[in-house]
Amino acid sequence: MTTAREIMTAGAECIGAQETVLEAAKKMTEMGVGALPICGTDERLKGMLTDRDIVVKVLGAGKDPAEVKAGDLAQGEAVTIGADDDAEEILRTMSEHKVRRLPVIDGHILVGMVAQADVARALPDPKVGDLLQALSTD
């Protein structure tokens, strides 16, 4: 079975928990991505920051993105997948948590990201349909 390590995009970058949301937005723009993992000084994942989080929780709430720290937007424990977990486990995790991207960790170190499209390419068509349905329902 295909593992996360085989289908992930390697070289994922974190935004530091103490960096500002403005710095995160600039990094997202430079990288052409819509989400960044939030990492603490201990290199452990603290959560995910999405472009939607920035718009809704910062700009829409009238907060200054140059003042809000990325770590302030980390909520609960980050949903991750292990580098050696198979595509079926990725599918289950994405469906259960209704997320379209998963940080891939090896131990506690971030090694890549798996997106919905990566899983879609790795799984047979019926399972892809199940994932899309799970992510599209309320």
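A salt bridge is defined here as a side-chain nitrogen of Lys or Arg within 4 Å of a carboxyl oxygen of Asp or Glu. By this rule, the count in the structure comes to 6 salt bridges. The structure is a predicted model, in which local features need pLDDT of at least 70 and side-chain atom pairs count only at pLDDT 80 or more, whereas totals for chains, interfaces and linings use all residues. Residues are numbered from 1 along each chain as its sequence is written, and side-chain values use heavy atoms, with hydrogens and water left out.

One of the salt bridges joins the side chains of Lys27 and Glu13 (3.5 Å, N to O). This pair links distant parts of the chain, 14 residues apart: Lys27 lies in helix H2, and Glu13 in the loop between strand S1 (9-10) and S2. Helices (H or I, at least four residues) and strands (E, at least two) are DSSP runs, numbered from the N terminus. Relative accessible area is classed as buried under 20%, exposed over 50% and partly exposed in between (1.4 Å probe, protein chains only). Lys27 is buried, at 18% relative accessibility, whereas Glu13 is partly exposed, at 39%.

A salt bridge is also formed by the side chains of Glu89 and Arg92 (2.7 Å, N to O). Because these residues are 3 apart in helix H4 (residues 87-97), about one helical turn separates them. Glu89 is partly exposed at 27% relative accessibility, as is Arg92 at 46%.

Gln18 is located in the loop between strand S2 (15-16) and helix H2 (21-31). Gln18 is exposed, with a relative accessible area of 59%. The C-alpha atoms of Gln18 and Ala70 are separated by 6.4 Å, although the two residues are 52 apart along the chain.
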